[in-house]
Amino acid sequence: MVASHPFGLLLNPRHGVPGVIVLPAGGFRRAKAAITAWPGYAPTPLRDLPDIAPGVAALRLKDESSRFGLGSFKALGGAYAVATLLSGELSRRGLALSASAESLVEGRYREATETITVACATDGNHGRSVAWGARRFHCRCVIFVHGTVSQGRVDAIAAFGADVIRVPGTYDDAVREAARRARVEGWFVVSDTSYPGYTEVPRDVMQGYRLMADEAADQWSGPPPTHVFIQAGVGGAAAAVSVQIRARFGSAPLLVVVEPEQAACLFASALAGAATAIGGSLDTIMVGLSCGEPSLLAWQELERAAFAFMTIPDAAAIDTLRLLADAGLCIGESGVAGLAALLLAAADAVARERLRLDAASRVLCFATEGVTDSFLYQKLLGSHQR
C-alpha cells in the first residue's frame, strides 16, 4: 500500500490540438528492424499487477529491468543512435554506403570507427547505453555526469570503456558542457535531449524508445488500455511512448506524464503554455528524471498529446519501490514514478474524476529501469527488506 502524499495534477488545456509529426513512421520501422536483429534482443515482459492499484479493472507494467542486460529501456535509444551515427559517418567518408549494425559489431570498419568519439551527458542510464553501444560498435566514448550522479552509476558506465568526466551543476549543465567539449574536440554528441539546431540524433534515440511501447502493444490482450502513465525527465521516452501508443491504439488511451516535484520542467511548460526551463538544484532520488529543460522534440509531441501532467514527491517513489519489492519486482527509483502517480491518483476521489479513472479503467505503466545502483536501492529499501 502506498501512503497518501501530496501531488500535483494539471489537465492539459491543449490536449488533442493538431501538431507536427515529431517521429515519422519510416524512422521507427528502420529502428525496429535494426534493434530486433541485434544479438541478445528479446522483448521485455508485460506484467499483470491485479492487486496493486485500487479501483481499476486492470494494471499492467512493462518491465524494462532486463533490457540487454543494462537494466534500462535506454539501451533501445542510445546504442541505436550510436550505430546510426557511425553508419552515416562511414558513408560520408566514402568507406561504406550503408554499414549495417552487424558489420559494425564484427569490426569490419574498426580502423575507421576507432577514430570516432561519441559523447553525451547523463544521469546514469543514457550514458550507460551510449557507452555500451560504443563498445559494441567499436568507437571511443566520453560521458559527462553532474555532481550528484552516484559513483555506482559512474562505475557502471566506465565498465564499458568510456571516459567519464564530472562537471559541476545539474544535468542540464552537463548537457551544455558535453556540447561545448564536442565542438572543441570534434566529437559527435549522442544526446537524448534535443534543442534548436540539434534534433536528428535525439530523433533516432526516440525512435528506438518506441520499441518499448510497440512490444507492450503486441503483448496487451483484451480491450485496449484506457490510460498510460509514463515518467519523464526531458520527455524523450514519454513522447516516444505517446507516439507509438497512438499508432497502435488510436487516440483512446489518455496519456499522463509524471515528474518528480523537484524537477518538473514539463509540468512548468504545460502551465506556461510553452517550453520552459526551471532552475534550482533539481534534487530528487529519481535521479534519472532530474532534468530542468524539456527536449524540444519531446515538448512538440507532449504539449498536445498529453492528457495530464503530474508531479510526485520522493516519498511516493520510495513507497512504490518497496511495494514492488514485496511483489518480487526489483525496480529502481526512477522506474517507479509513473506507477507511483497512478497509485496516488487512484486513491484520490478528485483526481480519479479529473483523470477519468474508474472501475473499468485499464492502465499501462512502464518500469523504465531496474536496480541501476544497488547500494542506493538497498538504502531505500532499508528496514523494509523482505
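Predicted model: local features only at pLDDT ≥ 70, side-chain atom pairs only at ≥ 80, totals over all residues.
Residues are numbered from 1 along each chain as its sequence is written, and side-chain values use heavy atoms, with hydrogens and water left out.

**Exercise 1.** Find which parts of the chain Arg 47 and Asp 63 link.

Solution. Start with the contact: the two side chains form a salt bridge, 2.8 Å from N to O (a side-chain nitrogen of Lys or Arg within 4 Å of a carboxyl oxygen of Asp or Glu). Strands here are DSSP runs of E, at least two residues, and helices are runs of H or I, at least four, numbered from the N terminus.

**Exercise 2.** Work out whether Glu 64 is buried or exposed.

Solution. Take the cut-offs: buried is under 20% relative accessible area, exposed over 50%, partly exposed in between (1.4 Å probe, protein chains only). Glu 64 has 0%, so Glu 64 is buried. Now look at its salt-bridge partner, Arg 67, at 2.9 Å between the closest N and O atoms. Arg 67 comes out at 1%, buried too.

**Exercise 3.** Find which residues join Asp 218 in one network.

Solution. First, Asp 218 pairs with Arg 248 in a salt bridge at 2.9 Å. Asp 218 sits in helix 8 (residues 200–219) and Arg 248 in helix 9 (residues 236–249), so the pair ties together parts 30 residues apart in sequence. Then follow the shared partners: Lys 32, Asp 214 and Arg 248 are joined with Asp 218.
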